[in-house]
Amino acid sequence: MRDRCDHPGWRRGRSLVADMSDRSYISLDNVVFTRGQRRIFDGVTLSIPRGRITAIMGPSGTGKTTLLRLIGGQLKPDSGSIRVDGNDVPGLGRKALYTLRERMGMLFQSGALFTDLSVFENVAFPLRVHTPLPDDMIRDIVLMKLEAVGLRGARDLMPAELSGGMTRRVALARTIALDPELIMYDEPFAGQDPIAMGVLVKLIRELNTTMGLTSVLVSHDVPESLSIAHYACIIADGRIIGEGTPDELRNHPSERVQQFLHGQPDGPVPFHYPAPDPDSDWGGLAPEEVPGG
Amino acid sequence: MANGLMDRIAGLGRGGLETLASLGRASIFLWGALVGVPKPGVGLRLLLAQIYAIGVLSLAIVVVSGLFIGMVLALQGYTILSDFGSESAIGQMIALTLLRELGPVVTALLFAGRAGSALTAEIGLMKTTEQLSSMEMMGVDPLRRVIAPRLLAGFISMPVLALIFSVVGIWGGMLVGVEWLGVFEGSYWGNMQASVTFSKDVINGIIKSLVFGFVCTWIAVYQGYDCVPTSAGISSATTKTVVYSSLAVLGLDFVLTAVMFGSF
C-alpha cells in the first residue's frame, strides 16, 4: 500500500494540510496563553494532521512544552480554541478530559517513570488502572511493549538502574501500553548519546507507521526532528514564525527561521543580551555597582 | 516616606491575597482528593500501603518518645506531689495528662516531623520528576490515586499512634513511679481507674488526634503538591509542613481544650 506521505500532494505541505481540515487530528485556533506577566502564545493557529509526525521546534523557553500541556488539557488557554479529534479540550469536564487522555500518550523529557515501581510494573500501570485484563494477559502485553522498545530483558530493573536512553524507552513502552491514537514527545532527544538518539528516532518513526499514530514531537534538535517529521513548525516570540514540510522549512525566506535551523550564533536573535553601550560601560564601576556604594 | 508606607500597605495586601488564594487552592485540592476514591480493591491496597508507611513506620519514634515522656512525668510529678504527701495521685496525673493533652499533641508534633515531612518530600519529588503530570496524562487523577490514600491513612493512623503513645507513657510512668520511686502499685492503678472517664478523657483525646491527623496530613500533602518543582522548592515545602503543622496543632489544641474541658 502506498504511504500517504509519498503522495505528491502531501509534499505541498501546509496548503495541503489546510485543505485537509477534516484530516487534522489537533487544531489550535488563535490560542492566547499568558503566564504571570508574560504572554507565551499570542494567537497561535496550527493544524496537526492525523497519522503523521509533526515536529514543533523553537528556541528554549518559547513554550513548546506548554503547547503540549495545552493540548493535553493540563493548562487552559486565556482564549482561542484547542480541539483534539473534534473535542474542545478546554471546555471538557474532568471526567471527559480523563477519558480523552486515555487515548493520548505523552513521553516526558525526564521519562517520569514511577521510581518505586519496576520497569515491568511501570509499563503495566496504565493497563492495571484502565483495563480489567487478567494478570497473565497484562504480562504478555507488557512484554510485547518492552520487546518493541528492545528492553524485554530489563523488565525486573528499577528506574534508578536505567541509563537516560533506557529510561525514555521504558517510558515510551508505558506510553504505548494502551495503544493511544496520539503520542506527544517532549524533547525526546535531549541529552542523549548518538546511539540512544538513533534508537529513539527509529522507534518514533516505526511506532508512527506500525500503530498508525498521530505524533507530535517537540524538540530543538533540528536534524533528528526534520529527518522523521512529515510536517514541522517553528515557534518564537509567542507565534509560529515558519511552518511547512521539512524541505519547505529549509528553504524558508525568514532569517529567523534560517538562524534557528543552522544554529547561527548571531542574527535576528542577537548574541548579546541587552546591555548598556560598551563605550560607557568599560573602565570602571558604575556608582551603584561599587561595593558599599 | 509616604511611598514607603504605601509600599508596606501594598505588601500587606498582596500577602493577604496570596494567603487567601493559597487557602482557596488548598480547599479545592482537598475537595478533589475527598470526592474521588479509587476502586475498592485497588483503594484498599493503596490505603494499607500508606498506613504502613505513615503509621507503622512512625511507631518506633512514638513508642520511644511516649516511654520517656511518661518517665519524666512520673519523676516531675513525684517531686511536686510528694511535697504535699500526695504521691499516690501520680497515676491519675500521668494518665490524665497523657490522654487529654500530651498524647494527642506530642504524637501530632512527632507525626508532622516524621511522616508529614516525608509525605511532602515524596509528593514534591513526584511533582518535580513529572510523575504526577505523567499520571494525569495517562488518564489517572493523582488527587485520587496519590493524595486520597495518604490523607485517609494519616487520619486513621494518628489516633492509633496517640493511643499507643499514651499507653506506653503510662507504662513508663509506672516503671519510674512504682518500680523506682516506690509509689504503691495499687494506688497508681486504682487512682487512675477512679479518675479517668472513658467518655470524657479517652474519647476527647481521640477526637483531638483525629483533628490533628487530618490537619497535619492535609498540610503535608498540599505542601508537596503545591511546591515549586525544584530542590529549593521541596526544601521550603518540607520546612513549611513542619512549621505550619506544629502551629496548627498547638493552636487547635487550645481551641479544642477550651471546647471540651472549659467550664464557661
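In this predicted model, the area buried between chain A and chain B is about 1800 Å², with carbon and sulfur atoms contributing 54% of that figure. On the chain A side, the residues that lose the most area to chain B are A:R94, A:Y98 and A:F125, which together make up 30% of what that side buries. Counted by residues, the contact draws 22 from chain A and 17 from chain B.

Salt bridges also link the two chains, and their count is two. One that can be located in the structure joins the side chains of A:R94 and B:D141, with an N to O distance of 2.0 Å.

Attention may now turn to a pair of helices within chain A. Two packed helices are described by the angle between their axes and the distance between the axes. Helix α4 of chain A spans residues 119–130 and helix α6 of chain A spans residues 164–175; they pack at an angle of about 30°, and their axes lie 8 Å apart. Because angles under 35 degrees count as roughly parallel, α4(A) and α6(A) are roughly parallel to each other. Their crossing is right-handed.

The side of this contact belonging to α4(A) consists of A:V119, A:N122, A:V123 and A:P126, which meet A:V170, A:A173 and A:R174 in α6(A).

Notes. Residues numbered from 1 in each chain as written. Chains lettered and ligands numbered in written order. Predicted model: local features only at pLDDT ≥ 70, side-chain atom pairs only at ≥ 80, totals over all residues. Heavy atoms only, no water. Axes fitted to C-alpha atoms, helices over the stretch in contact; angles between N-to-C directions. Helix = DSSP H or I, 4+ residues; strand = E, 2+ residues; numbered from the N terminus. Parallel < 35°, antiparallel > 145°, perpendicular 65-115°, else oblique. Left-handed = near helix turned anticlockwise from the far one by under 90°. Contact = heavy atoms within 4.5 Å. Buried area = accessible area lost by both parts, 1.4 Å probe. Salt bridge = Lys/Arg side-chain N within 4 Å of Asp/Glu carboxyl O.
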